[in-house]
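This briefing covers domain layout and helix packing. Look over the chain first, then read the points below.

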Amino acid sequence: MRILKSRSFRASVSGSNHHLKVGFRRFVTSCRAVVLPRFGGPEVLELRPNVEVPALKPHEVLVRARAASVNPLDTRIRSGYGRSLYGPLLPIILGRDISGEVAAMGDSVRGLSVGQEVFGALHPTAVRGTYSDYAILSEEELAPKPSSVTHVEASAIPFAALTAWRALISTARIAEGQRLLVVGGGGAVGLAAIQISVARGCHVTTTCGKKSIDRVLAAGAEQAVDYTAENIEFTIKGKFDAVLDTIGGPETERICINFLKRGGHYMTLQGDAASLSDRYGIAIGLPVATAALLKKQIKYRYSHGIEYWWTYMRADSEGLDEIRRLSETGKLNIPVEKTFPITQVIEAHEAKEKKQIHGKIVLEFD
Ligand SMILES: NC(=O)c1ccc[n+]([C@@H]2O[C@H](COP(=O)([O-])OP(=O)(O)OC[C@H]3O[C@@H](n4cnc5c(N)ncnc54)[C@H](OP(=O)(O)O)[C@@H]3O)[C@@H](O)[C@H]2O)c1
């Protein structure tokens, strides 16, 4: 890691967990990072020692990483999903979530301080990700780390919870007393969705695998249906105000649309914007995706009287703040099943992809 003197940033120098305030200003110019030089299997990931750390823009924060979780998006991008967007930008750094300490800040950052413990997540399209000793996030992508959890636990939360937040709060605007169906409640986004909805006073039904049943019930779901053993179409009764479909296949979509009350919201996390862009190129794929989405929105509005959405994670500082509060009060928790040191990122991706571990995987930084 290289550190230079600078007048442009407020900063401190980090040695393990201890921050030494210094009389002159410094910032990091290079550090270790996991780089994706080309698309492929886990073996293409390279932990490089001297990857450049760009200068901070005024609204940006340099975070000394302590933990970064592995999201399905990381393994999908590594395999080539989103190649129309990421391909021309290779090599890129993977990773969305982070928990760590503020190492330096751009001049217009006001809400954080150097040395403060923070957690947060980058937007899905970011190309300098968090699998790096030092990551750069904007101030609105960060919040103080919940004091009740470790860095490892904190790093499992933001990307999944903000995805759920965007769907449930920003899109469906769920309210107390409503009925909600979460398809895939055993995953990180599903678990976050259950807990956010329960905290809002909603009644949650969810589908999950056998191993997840205790976990989703503990998270507050009132009914858990094992999709591997039961026919969800016949087992789940009644109508819902909103459905969050984390699986988003044609079958779950068909079933869920029929579960909705008139005026209800169907939200899938599997929008086709990236896959159509990969197939046709961004210039054609994005308009084709927009047209496909509009067609479905109109179709379902007329046939079922419902709102149909593709929802995507988005940075939301108010949402992250509320997520922090829920975590701090024990109302939102994403269990971490296994950690790997950053030096074993290939093994971590293998474990995630082969579904060897039931639950969240987190990379730790020394
Ligand atoms: N649009 C976006 O911005 C966005 C953001 C985040 C994630 N995503 C996508 O959303 C999905 C979930 O993400 P995640 O982070 O929650 O993943 P995750 O933590 O890896 O969880 C995936 C879970 O899906 C469950 N599952 C698989 N097939 C199922 C089925 N037919 N019915 C019900 N549950 C099923 C499994 O639960 P069991 O163990 O209970 O079987 C598995 O644990 C991924 O495809 C991811 O790429 C999209």
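How are helix 4 and helix 5 oriented to each other: roughly parallel, roughly perpendicular or oblique? The model is predicted. Helix 4 and helix 5 pack at an angle of about 55°. Angles under 35 degrees count as roughly parallel and 65 to 115 as roughly perpendicular. The two helices are therefore oblique to each other.

**Helix 4 and helix 5**
- Helix 4 spans residues 158-171, and helix 5 spans residues 188-199.
- Their axes are 8 Å apart.
- The crossing of helix 4 and helix 5 is right-handed.
- On the helix 4 side, the contact is made by A160, A161, T163, A164, W165, L168 and I169.
- Helix 5 contributes A188, V189, A192, A193, I196 and S197.
- By class, the contact of helix 4 with helix 5 holds 11 nonpolar residues, two polar and no charged.

**Helix 8 and helix 10**
- Helix 8 (residues 250-259) packs with helix 10 (residues 282-304) at an angle of about 40°.
- The axes of helix 8 and helix 10 lie 11 Å apart.
- Helix 8 and helix 10 are therefore oblique to each other.
- Their crossing is right-handed.
- E253, I257 and N258 of helix 8 make the contact with K296, Y300 and H304 of helix 10.
- The classes in this contact of helix 8 with helix 10 are two nonpolar, two polar and two charged residues.

**Helix 1 and helix 12**
- Helix 1 covers residues 72-79 and helix 12 covers residues 345-353.
- The two pack at an angle of about 105°, with their axes 10 Å apart.
- That angle makes helix 1 roughly perpendicular to helix 12.
- From helix 1, P72, D74, T75, R78 and S79 meet H349, K352 and E353 of helix 12.
- The contact of helix 1 with helix 12 has four charged, three polar and one nonpolar residue.

**Domains and annotation**
- The protein is divided into domain 1 (2-156 + 335-364) and domain 2 (160-310).
- Between the C-alpha centres of domain 1 and domain 2 lie 29 Å.
- Contacts link 14 residues of domain 1 with 14 residues of domain 2.
- An unreviewed UniProt entry carries the annotation "domain: Enoyl reductase (ER)" for residues 40-363.
- Across residues 40-363, the chain is 35% helix and 27% strand.
- The end C-alpha atoms of residues 40-363 are 20 Å apart.

Definitions and conventions: Residues numbered from 1 in each chain as written. Predicted model: local features only at pLDDT ≥ 70, side-chain atom pairs only at ≥ 80, totals over all residues. Heavy atoms only, no water. Axes fitted to C-alpha atoms, helices over the stretch in contact; angles between N-to-C directions. Helix = DSSP H or I, 4+ residues; strand = E, 2+ residues; numbered from the N terminus. Parallel < 35°, antiparallel > 145°, perpendicular 65-115°, else oblique. Left-handed = near helix turned anticlockwise from the far one by under 90°. Contact = heavy atoms within 4.5 Å. Nonpolar A, V, L, I, M, F, W, Y, C, P; charged D, E, K, R; others polar. UniProt positions renumbered as here; feature names shortened; annotations may be inferred. Domains from an automatic or database assignment.
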